[in-house]
Structure formats: structure tokens, C-alpha cells
Amino acid sequence: MQPKPSKYRNTRVVVDGEKFDSKREATHWQELKLREKIGEIQFLRRQHAFPLNTWDGDMEIEVARYVADFVYHDKNDCTLHVVDAKGK
């Protein structure tokens, strides 16, 4: 029995010992690493989770988590960028 193809027909890859869900994600990571190296961006992270919360009365409850492919800050103005590497 053949394995079921991925939902988006992506090909998983390993770059520099790190696993990526797609070639596009791996390529984007390499570009961001280069931008961090030359000082354009800072605090680059992969697979950063953000809790999604709601309120029940006076109590905050986490109902889900959103996991971004990449998160980084602009070096000039510290703007936070949250990025998902998706296909066309």
C-alpha cells in the first residue's frame, strides 16, 4: 500500500539537519537566515506557537494554537513579522 500524498502535494525536505514541510518553506528559511546574517532582521524563529484565547466570564481559556512557520523582527523599527510559507 502506497503512502497517502500530502494534502498540498508538498515534498518534505531536510536542510542543514532541519526538517521542513515543503521545499518552499526550506527556501524561505534560507533567505531569512541570510537576511538575519547581514543584519536586516533579528530574533528569527521557526514554528512559533501563538495561543488563541477566548473569555468565559472572567476566565481566559486557550481554545487553539496557531503555529507560524517563521517569526522575526525588523531590525530598523522592531516590527513583528509572522510568516507562513504557502504555495501559489
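Student: In this predicted model, which residues does R65 touch, not counting residues up to four places away in sequence?
Tutor: R65 lies in strand β4, and the contacts listed here leave out residues up to four places away in sequence.

Student: Is R65 buried or exposed?
Tutor: A residue counts as exposed when its relative accessible area is over 50%. R65 has a relative accessible area of 51%, and therefore R65 is exposed.

Student: With which side chain does the side chain of R65 make a polar contact?
Tutor: A polar contact needs a pair of N or O atoms within 3.5 Å. For the side chain of R65 the distance is 2.8 Å, and the partner is the side chain of E62.

Student: Does T54 count as buried, partly exposed or exposed?
Tutor: T54 lies in strand β3, and its relative accessibility is 36%. Buried means under 20% and exposed means over 50%, with partly exposed in between. Because 36% falls in that middle range, T54 counts as partly exposed.

Student: Which element gives the most residues to the largest nonpolar core?
Tutor: The largest nonpolar core has eleven residues, among them F20, W29 and F70. At least two residues of this core come from each of α1 (23-37), β3 (41-56) and β4 (59-74). With three residues, the element that gives the most to this core is α1.

Notes. Residues are numbered from 1 along each chain as its sequence is written. This is a predicted model: local features need pLDDT of at least 70, side-chain atom pairs count only at pLDDT 80 or more; totals for chains, interfaces and linings use all residues. Side-chain values use heavy atoms; hydrogens and water are left out. A nonpolar core is a set of buried Ala, Val, Leu, Ile, Met, Phe, Trp, Tyr and Cys residues joined through side-chain atoms within 4.5 Å. Buried means under 20% relative accessible area, exposed over 50%, partly exposed in between (1.4 Å probe, protein chains only). Helices (H or I, at least four residues) and strands (E, at least two) are DSSP runs, numbered from the N terminus. Contact means heavy atoms within 4.5 Å. A polar contact is a pair of N or O atoms within 3.5 Å; within protein, one must be able to donate a hydrogen and the other to accept it, and residues adjacent in sequence count only if both atoms are side-chain atoms.
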